[in-house]
Amino acid sequence: LDIVATTKKPMTIVRPASRRARSIEDEDDGELIDACRRGERRAMEALYHRYKRRVFGLVTRIVGSSDSEEVAQEVFVRIYRGISRFRGDSALGTWIYRLAVNAALSHVTRRPRIADGEEALSRVAAPEAAPIDPGLSARLERALLQLPAGYRAVLVLHDVNGLSHEECAEILGCRVGTSKSQLHKARARMRDLLGPDLAPDDADRVEPEGV
Amino acid sequence: MRCRDVVRLASDYIDGDLDDRRSSALRGHLRTCGSCERAVADAARIRDAVSELAPLDPPPSLWAGIEQQLARAEIEDARRPRLWLWWQAVRPHLLYAGLAAAAAVAIAAWWADHGGDGRPASPVRVTDQRTELDAERGGAEDSEPVDESHVERAMRELRHADATYLAQIAELRALASQERDLWSSEQATAFDKRIAEFDRVTLEHRKRLAHDESGHPGTRDRLFALYQAEIAFLVDAALGEL
């Protein structure tokens, strides 16, 4: 058995392309910030369109879809009202993510009972194109909503939005090690929550022959 | 490598953040341990599936709602007392003055702990350590001394923080006096009494500082706390919260 087992194909780990492609920084953020500080509506709208999906997606996946519009609105108002105090110590994206996470987590604290179940999921905007099995996608979204809010935040920042642990730590105000351990626990909890729903993809699992 | 090591390292492994040697050891363990292999495969599958979740588009009404809230907030700003607006403008600078003072106090405390004879053991060159404060002053300190010690630098920052607080208190008092017509006579009396108290205590602190040859940072720390209390009081007074 040992001989058979040691000839098993090792599981290869490949980072999804979407994780590598994303970046928290945009090159011309500086000009946008200056124009927003001057109250230029076109710049404010441009900033909104640049960050709307990231903010709305993050907020929705932390607070649930029933309150997501209200919280996302609050986040953008805080961004525009506070951008004059943005000192550029971190990337604009990091600052915006921090505002969004803080607003979402404090909303969850204020109203701990988030909307759940099929009703909430049905209100999540339909994806333009579903890259994965829509059934799995729905199960994942449902499981996400059952995670503790802190786990949700780190899982969404790291795995959905593709940020590094350094960026997550800066946004969440914790150490890199804490971000890593929180993510590990979040994934383990997701595995428990999904259970048999985590449809196995047998392609990457090779069972020992003759066992 | 044992199963509990795999539990600890699995996330780093599937994210490609584990060094080669430990990755190899972990893969070796996975070849012989079915439960760990399943756990790591599941974690990787979850990571992959979650990273492929579709982005969520906000509803079109979101931007309109933001614009409405911004308009409402600007109208509220127009109704606020002038002092509130001024306070919002200077608050970041005050915060910076406080931070600079705290940093200076920390440096001075460090020096007091490590030296104590009035001279740090080895003066540190600070040629390339121009502070943000210097930059804010418009480069007026271009001729910064090259052999400035920690203590000299700390004292310079403390003096600057002191001057910043005093200037802002003076400006706040002037603005508060413009709001005075809106106060009742009781409020005005209470305000004057409190300001006189601040003046008295501040004077005591400053006298103590002038006679304090030790330069112990705690003395100035208390003075700065007093400045901050007065600023908070002046702002409250201007907002009708006397």
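**Entry 1. A phenylalanine in chain B**

I started at F233(B), which is buried at a relative accessible area of 11%. The model is a predicted one, and I kept that in mind throughout. I then looked for the ring partner of F233(B). F191(B) and F233(B) make a stacked aromatic pair, with centres 5.6 Å apart and 20° between the planes. F191(B) belongs to helix α8 (residues 185-211) of chain B and F233(B) to helix α9 of chain B, so this pair ties together parts 42 residues apart in sequence. I checked F191(B) as well: its relative accessibility is 7%, which counts as buried.

What else did I find over the ring of F233(B)? The charged end of R194(B) sits there, 4.9 Å from the ring centre.

I took the count of aromatic pairs next. Over all chains there are ten. One of them joins Y165(B) and Y227(B); this pair is tilted, at 5.5 Å centre to centre and 45° between the planes. The two residues come from distant parts of the chain: Y165(B) from helix α7 (residues 150-179) of chain B, Y227(B) from helix α9 (residues 217-238) of chain B, 62 residues apart.

Are these two tyrosines buried or exposed? Y165(B) has a relative accessible area of 2% and is buried. Y227(B) is at 1% relative accessibility and is buried too.

I also noted a cluster with members from both chains. Y48(A), F76(A) and Y80(A) form one aromatic cluster with W63(B).

I moved on to charges. The total over all chains is 21 salt bridges. In general, side chains of opposite charge can pair when their charged atoms come close.

In chain B I looked up R173(B). R173(B) forms a salt bridge with E230(B), and the closest N and O atoms are 2.5 Å apart. Again the partners are from distant parts of the chain: R173(B) is in helix α7 of chain B, E230(B) is in helix α9 of chain B, and 57 residues separate them. R173(B) is partly exposed, at a relative accessible area of 26%. E230(B), at 3% relative accessibility, is buried.

I put the helix α9 notes for chain B side by side.

**Entry 2. Chain A overall**

Chain A has eleven helices and zero strands. Of its 211 residues, 46% count as buried. I looked at contacts between residues at least 6 apart in sequence: 71% of these join residues at least 24 apart. The accessible surface of chain A comes to about 10,700 Å². Carbon and sulfur atoms account for 49% of that surface.

**Entry 3. Salt bridges in chain A**

I picked out a bridge inside one helix. The side chains of E74(A) and R78(A) meet at 2.5 Å, N to O. Both are in helix α5 (residues 65-82) of chain A, four residues apart, about one turn of the helix. An α-helix has 3.6 residues a turn, so residues three or four places apart point the same way. R78(A) is partly exposed, at 35% relative accessibility.

I then picked out a bridge between helices. R187(A) and D159(A) meet in a salt bridge of 2.8 Å, N to O. This pair links R187(A) in helix α11 (residues 176-194) of chain A with D159(A) in helix α9 (residues 149-160) of chain A, 28 residues apart. R187(A) is buried, at a relative accessible area of 3%. D159(A) is buried as well, at 0% relative accessibility.

**Entry 4. Helix α10 of chain A**

I finished with helix α10 (residues 165-172) of chain A. Its buried residues include H165(A), C168(A), A169(A) and I171(A). They cover an arc of only 165° around the axis, so they are on the same side of α10(A). I asked what covers them, and the cover includes α6 (92-110), α9 and α11 of chain A. Helices α9 and α11 of chain A also hold the partners of the D159(A) and R187(A) bridge.

Just after α10(A), G173(A) has a positive phi of about 70°.

Definitions and conventions:
Residues are numbered from 1 along each chain as its sequence is written. Chains are lettered from A and ligands numbered from 1 in the order in which they are written. This is a predicted model: local features need pLDDT of at least 70, side-chain atom pairs count only at pLDDT 80 or more; totals for chains, interfaces and linings use all residues. Side-chain values use heavy atoms; hydrogens and water are left out. Rings of Phe, Tyr and Trp (its six-membered ring) pair if their centres lie within 6.5 Å; planes under 30 degrees apart count as stacked, over 60 as edge-to-face and the rest as tilted. Buried means under 20% relative accessible area, exposed over 50%, partly exposed in between (1.4 Å probe, protein chains only). A charge sits over a ring if NZ of Lys or CZ of Arg is within 6 Å of the ring centre and within 35 degrees of the ring normal. Contact means heavy atoms within 4.5 Å. Accessible areas come from the Shrake-Rupley method with a 1.4 Å probe; for residues, only the protein chains shown count as cover. A salt bridge is a side-chain nitrogen of Lys or Arg within 4 Å of a carboxyl oxygen of Asp or Glu. The arc is that of the directions from the helix axis to the C-beta atoms.
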